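Subject: Structure handover

Hello,

Here is the structure we discussed. Please look through it alongside the notes below.

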Amino acid sequence: EIAGVFAVYNRLLASLAATAQQHPSLREVTLSAMGAGAFAAVVLTPVELVKCRLQVQELGLAPTKYTGPWDCAVQALRLEGLRNGLFRGLGATMLREIPGTGMWFLAYEQACQAMAPVGGGKADLGPLQLMGAGALAGVCYWTSTFPADVVKSQQQISTQRVDFVPALRQILRTRGVRGLYSGLGVTVMRAVPGNATIFTVYELTHRLLDRMGK
């Protein structure tokens, strides 16, 4: 999924940039990233539905119905259909991924620009700087989109259709605003090293491939 996001992002960025040599504007970065986020939402929705339902089952919060990921996916498709089954929560995932991925890349590019020397760019940054920019991107992604993720999970663990707004209201009514951010701290702690690694590996691999191609 991450590889697909970077591939779509780079393809869109190349099509929006005025020239290949020109440094992309923040607008071009944001639009390209949001397009990549739409791609990610379509890919992730069925995967996360299966993950959420199996987690609830493993925690004993729901009766045992699934023998594994494949069985969960097949049952969701057979009993609930494509739209209300496998792709339940697609709207909420879009609300998380489109602005979230836009924020993800934008924060990363902004951080890299802030740390780059005058007249330089990302190519002048070392691994530690790239890791810092990646970590910041992960924090910005989750802090800006976590409520949508909570609603999405609420929709996906239910076998009955629950639209986004009613699910949001239910969380606010039963758990308050705090309920929309339940688990954010742990998620951010996990996102910091994960995103630092993702962006650093991506940039260093990109540099290596550029050198090999010359």
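Which residues does threonine 187 touch, not counting residues up to four places away in sequence? Threonine 187 touches Trp142 and Phe146, where contact means heavy atoms within 4.5 Å. Threonine 187 sits in helix H8 (residues 184-213). Helices (H or I, at least four residues) and strands (E, at least two) are DSSP runs, numbered from the N terminus. Threonine 187 is buried, as its relative accessible area is 9%. The classes are buried under 20% relative accessible area, exposed over 50%, and partly exposed in between (1.4 Å probe, protein chains only).

Two points on the basis. This is a predicted model, where local features need pLDDT of at least 70, side-chain atom pairs count only at pLDDT 80 or more, and totals for chains, interfaces and linings use all residues. Residues are numbered from 1 along each chain as its sequence is written, and side-chain values use heavy atoms, with hydrogens and water left out.

Now the salt bridges. Side chains of opposite charge can pair when their charged atoms come close. The rule here asks for a side-chain nitrogen of Lys or Arg within 4 Å of a carboxyl oxygen of Asp or Glu. By this rule there are 10 salt bridges.

Start with arginine 96. Its side chain meets that of glutamate 97 in a salt bridge (2.8 Å, N to O). Both arginine 96 and glutamate 97 are buried. Arginine 96 also forms a salt bridge with aspartate 149 (2.5 Å, N to O). That pair links distant parts of the chain: aspartate 149 is in helix H6 (residues 127-157), arginine 96 is in helix H5 (residues 90-115), and they are 53 residues apart. Aspartate 149 is buried too, as is arginine 96. A network of salt bridges links Glu48, Arg96, Glu97, Asp149 and Lys152.

Next, lysine 122 and glutamate 109. Their closest N and O atoms are 2.9 Å apart in a salt bridge. Lysine 122 is in the loop between H5 and H6, glutamate 109 is in helix H5, and 13 residues separate them. Lysine 122 counts as partly exposed because its relative accessibility is 23%. Glutamate 109, at 6%, counts as buried.

Last, the surface. Leu16, Leu31 and Met34 form a nonpolar patch there, with about 230 Å² of accessible area together. Areas come from the Shrake-Rupley method with a 1.4 Å probe; for residues, only the protein chains shown count as cover. Patch residues have over 30% relative accessible area and no salt bridge; like charges are joined within 9 Å, nonpolar side chains (Val, Leu, Ile, Met, Phe, Trp, Tyr) within 5 Å. Leucine 16 belongs to helix H1 (residues 2-16). At 37% relative accessibility, leucine 16 is partly exposed.

Best wishes
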